[in-house]
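User: I have a model open and want to go through it with you. Can we take it piece by piece?

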Amino acid sequence: MTTDTLPDAAAHQGIPLVRTLAGAMLALDAQTGLDAFTLPYPPEAQRALDRTVLACLLREATPPASLTELVSWCKEVALADWPVDLPADAIGPEDRLLDADSGRPTELCHEWAECTRDSALAFRDREIIHTALRLCRAFGEEEAYTAFRGLLVNRPVLTAPESFEVLNDLVLEPVHELIRRIYLPVPDSYRYDGEYVCCGRCLTLLTPVHDGEWWCERDHCRRQGPAPLGTRLRPAEMGEVHQVERPVRQFVTGPGRAETALEEELKALGLAVRMWPGYDAYDLLVTFPDGHRWAVDVKDWANPLFLGRSARPVPQEPPYDEAFWVVPHHRVATRRDYISVYERNRPSQARHLPLLTDTDLIGRARARVRVRKQKGDSRA
């Protein structure tokens, strides 16, 4: 029996407990905000508190005295220091469920919740993508699906005039109703001094924190320094502002930014790149001048254990010569055992699927172009 199939009696242990905690933090953040909750607690939060207390008592450790204290633990205490038994591959030394500065759920928290079978958020991003695929296939419009993916990646925030424009775009007609459902009104917690501000790097909305500073929900942005302030949006001037829902931002928009950055670098090498080919069979189809083709799937996950367990062979259509999964280099820089954890935990059917960083992939592409060019010059 694996830790994924432990019975409810072990729900206070290790991986099941952290999954419960992650789901509780997301439920609290969505329902009331993590700084303003009262009794009765949401069922997910009460369950997380009860199970954490039990885990602590069994380890003869002092448990959190309240939900407020449990939230503080999630913000201030690295998971490696909690009184629970977790496999070494499951966590990094600084992993937290809540960000220390903003108190908002981390990307890692969303990934843990994605693995929670009883979470209403589980697989929400996949449900949306599968719905878009079904609708676009029914219309026979692969172009509509590509445009939809581009919308989620490049325009995660829409003003009222922009929403009107998108919902009158004939290319996107098969998914108009889906767009209405997943672009949600932005709550006031994102507003400061009457305006919302988009991140100049990842384009999602920033969260105002203390002293007029702003926090970006994307790990990569924060590691590059303070978020650059991008477009400022005043609802009083441009109407209601909408943002694509959080699971989509986490598992589609974020990786999509890495995908489009990779597209630009590969094109700069003179390579042909097709995005999301074959109704999103994989992320990039890269064609070299000699006709050699790579299939590339970009996976921007914070936790390499979950990524390894999700590994599967890249679909054979559209056809290619080599296939890779790619992770942004900042993930490996943050957790040095990232690739080895992935390799230890991938299933047997994916044991030959390599995981590269984006910088490694570009290095391989550059080397291949150089070698082919040298061979061509020597023949000339």
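**Contacts, cores and confidence**

Analyst: Leucine 271 touches Leu266, Val286, Thr287, Phe288, Pro289, Ala365 and Val369, leaving aside residues up to four places away in sequence; contact means heavy atoms within 4.5 Å. This is a predicted model, in which local features need pLDDT of at least 70, side-chain atom pairs count only at pLDDT 80 or more, and totals for chains, interfaces and linings use all residues. Residues are numbered from 1 along each chain as its sequence is written, and side-chain values use heavy atoms, with hydrogens and water left out.

User: Where is the place of leucine 271?

Analyst: Leucine 271 is in the loop between helix H11 (246-268) and strand S8 (272-275). Helices (H or I, at least four residues) and strands (E, at least two) are DSSP runs, numbered from the N terminus.

User: Is leucine 271 buried or exposed?

Analyst: Leucine 271 is buried, at a relative accessible area of 5%. Buried means under 20% relative accessible area, exposed over 50%, partly exposed in between (1.4 Å probe, protein chains only).

User: How many residues apart in sequence are leucine 271 and phenylalanine 288?

Analyst: They are 17 residues apart in sequence, and their C-alpha atoms are 5.4 Å apart in space.

User: And glutamate 263, buried or exposed?

Analyst: Glutamate 263 is buried, with a relative accessible area of 14%. Glutamate 263 lies in helix H11 and touches Val273, Met275 and Leu284, not counting residues up to four places away in sequence.

User: New topic. Which residues touch the most other members in the largest nonpolar core?

Analyst: Leu97 and Trp112, in a core of 54 residues. A nonpolar core is a set of buried Ala, Val, Leu, Ile, Met, Phe, Trp, Tyr and Cys residues joined through side-chain atoms within 4.5 Å. Several elements each supply at least two residues of this core, including helix H2 (43-58), helix H4 (107-114) and strand S11 (322-327). H1 gives the most, with 9 residues. Apart from this core lies another, of 42 residues, among them Ile128, Leu151, Leu152 and Ile179.

User: Which residues are buried in H6?

Analyst: Ala144, Tyr145, Phe148, Arg149, Gly150, Leu151, Leu152 and Val153.

User: What does the pLDDT of the protein chain average?

Analyst: The average is 86, and 90% of the residues score at least 70. pLDDT is the predictor's confidence in each residue, from 0 to 100. Residues 1-9 stay under 50, with 9 contacts beyond four places in sequence in the model. Over residues 117-122 the pLDDT is also below 50. Where pLDDT is low, the predicted coordinates should not be read in detail.
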